[in-house]
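Here is a brisk report on one chain. It covers loops, helix packing and domain layout.

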Amino acid sequence: MRKSMYLVYTADDDLNRFQDEVESKGKESIVYKADETEIEEIHKYVRERYRDIECIVYLDIPEEKLLRLAVEVSDIEPDIYQLAVLEKIRKEKSLKSNLDDVVRKDDWVEIQLLKKLEEHFSQEESRELKESISSTQGNISIFMHDDPDLDAIASAMALEEICEKENVGVETYFAGSFGHPETEIFMKNTDFLINKIDEESIEDVLEGTKKVAFVDFAKSSMSDIIPDSIDPDLVIDHHKTNKKIRAKEYTEIRTDVGATSTLMTQHLKNLDVPVSPVLASALLLGIKVDTHNYTKNISSEDYQAISYLNSRADKDILDVLENTPIYSETVSAMGRAISNREFKDSVMTTFCGKISHRDDIAQIANFLLRERDILTVLVCGVKDKKIHMSARSKDLQLNIGKVMEEAYSEIGGGGGHPHAGGGEVEMAQFTDVEEAVDNIKKRFQNEVFDR
Ligand SMILES: [Mn+2]
């Protein structure tokens, strides 16, 4: 880059922080005080150094003077970016036509104010979480849903870390199995311990615990094992749910962020809990999987968490998990899904028989959605006496989460986001698989085409 200099012409005196920032980006800055420097001096400087000057900022300069400065500067070198910051803007039109941008000081104040408030409330939230943990007279049990992905695992790890800092005993539990290959690889590479539970052992666990925390899910009905009667004391989640869920002590359900890992990263940061390289990698991967490689449902808070975690993460772990292998059972199921696909307009439905991991159908649906001219995909598979469904859509007119919810609420359950959804139904209510799959496809099509 040829230019690398910032000039500031200002009525304010103290711009040390601004100058430090500019310097940290490898650039030079020169501040001219408005009461000491004549306009001609600035013009002379610009004429001499116009090749090096990238930008000129005018801070609180009277409009008349500002216009004279700006017009002359663009005559010398139109490529210099000229920005003015003013308390009040009167001649907006002529200012905007002669400068690259004009900003009202108030707007900055508002943004800074909002940032401050957000910081404060995030701190408050963390303080409440800490309070709820440290006041526990006994152990805390963390539960994950039955098919934990890296977001769930990383969030549980982070919550354990906070409990340990508060000297509160903690264990993480889940039922079901690891249905994501990257989860399995990650668990092999860490010594983080997750206890598997079943219908029998859960009673003992619940009896021996003072508080129950749900991470990355909010309702006991999301798990086949956790009794519906269990009301969690703490819930930290980012999924959309129908009901207004309130945990007994601490509820944080933030549908505007992409991952629970983002919320946990904020807590770790706010509470000054050191983040080990393994934990940082897990949280980073948690955000990655839940935002489909940082492309969906990602918010500015997710980006902030990513930048906090990036420098702390273990690059080897990230490397290993970058190219996740696919289970060979998943590839076989994909083969069956491909040969069984049926089409109606831009909608594809297919059945892939038995699946070994719940996530299989999601991966298959993601892949099939790439077929040309296809906008919506439904993939079904059988596991544990249930038919599981995964749906994806690129059709902006369609809310696939709603479709799934309405199509299957009578015979099972469904839900999700506008572009991705899922559901499941018990097989027992049908005479055989074929009837079940036909019924499921029909319900899906009725819902899609009736809209
Ligand atoms: Mn999640």
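## Lys385 and its loop

The model is a predicted one. Lys385 sits in the loop between S14 and S15. Its phi is near 60 degrees, a positive value in a residue other than glycine. Most residues other than glycine have a negative phi.

Asp60 is not a glycine, yet its phi is positive, at about 55 degrees. Asp60 belongs to the loop between strand S3 (53–59) and helix H3 (63–76). Is Asp60 exposed, partly exposed or buried? Asp60 has 15 C-beta neighbours inside 10 Å, so it counts as partly exposed.

Helix H14 spans residues 359–368. Of its 10 residues, 7 are buried, so H14 is largely enclosed by the rest of the structure. The buried residues are Asp359, Asp360, Ile361, Ala362, Gln363, Ile364 and Ala365.

## H13 against H14

The axes of H13 and H14 come within 10 Å. They cross at roughly 50 degrees. H13 and H14 are therefore oblique to each other. Their crossing is right-handed.

On the H13 side, the contact is made by Thr330, Ala333, Met334 and Ala337. On the H14 side, it is made by Asp360, Gln363, Ile364, Phe367 and Leu368. By type, the residues of this contact divide into 6 nonpolar, 2 polar and 1 charged. Asp360, Gln363 and Ile364 of H14 take part in the contact with H13, and these residues are buried.

## H6 against H9

Helix H6 (residues 150–165) packs with helix H9 (residues 260–270) at an angle of about 20 degrees. Their axes are 8 Å apart. Why do H6 and H9 count as roughly parallel? Angles under 35 degrees count as roughly parallel, so H6 and H9 fall in that class. H6 passes H9 in a left-handed crossing.

From H6, the contact takes in Asp151, Ala154, Ser155, Ala158, Leu159, Glu161 and Ile162. From H9, Thr260, Ser261, Met264, His267 and Leu268 meet them. The residues of the contact of H6 with H9 divide into 6 nonpolar, 4 polar and 2 charged.

An α-helix has 3.6 residues a turn, so residues three or four places apart point the same way.

Pro274 lies in the loop between H9 and helix H10 (277–290). Pro274 counts as exposed because it has 9 C-beta neighbours inside 10 Å. How far apart are the C-alpha atoms of Pro274 and Ile162? The separation is 9.5 Å, while the two residues are 112 residues apart along the chain. Ile162 is also one of the H6 residues that meet H9.

The domain assignment gives domain 1 (5–99), domain 2 (118–322) and domain 3 (328–449). The centres of domain 1 and domain 3, taken over C-alpha atoms, are 59 Å apart.

Gly26 is found in the loop between helix H1 (16–24) and strand S2 (28–33). With 8 other C-beta atoms within 10 Å, Gly26 is exposed. Gly26 and Lys130 are 104 residues apart along the chain. Their C-alpha atoms are separated by 40 Å.

Notes:
Residues numbered from 1 in each chain as written. Predicted model: local features only at pLDDT ≥ 70, side-chain atom pairs only at ≥ 80, totals over all residues. Domains from an automatic or database assignment. Buried ≥ 20, exposed ≤ 12 C-beta atoms within 10 Å, placed from the backbone. Helix = DSSP H or I, 4+ residues; strand = E, 2+ residues; numbered from the N terminus. Axes fitted to C-alpha atoms, helices over the stretch in contact; angles between N-to-C directions. Parallel < 35°, antiparallel > 145°, perpendicular 65-115°, else oblique. Left-handed = near helix turned anticlockwise from the far one by under 90°. Contact = placed C-beta atoms within 7 Å. Nonpolar A, V, L, I, M, F, W, Y, C, P; charged D, E, K, R; others polar.
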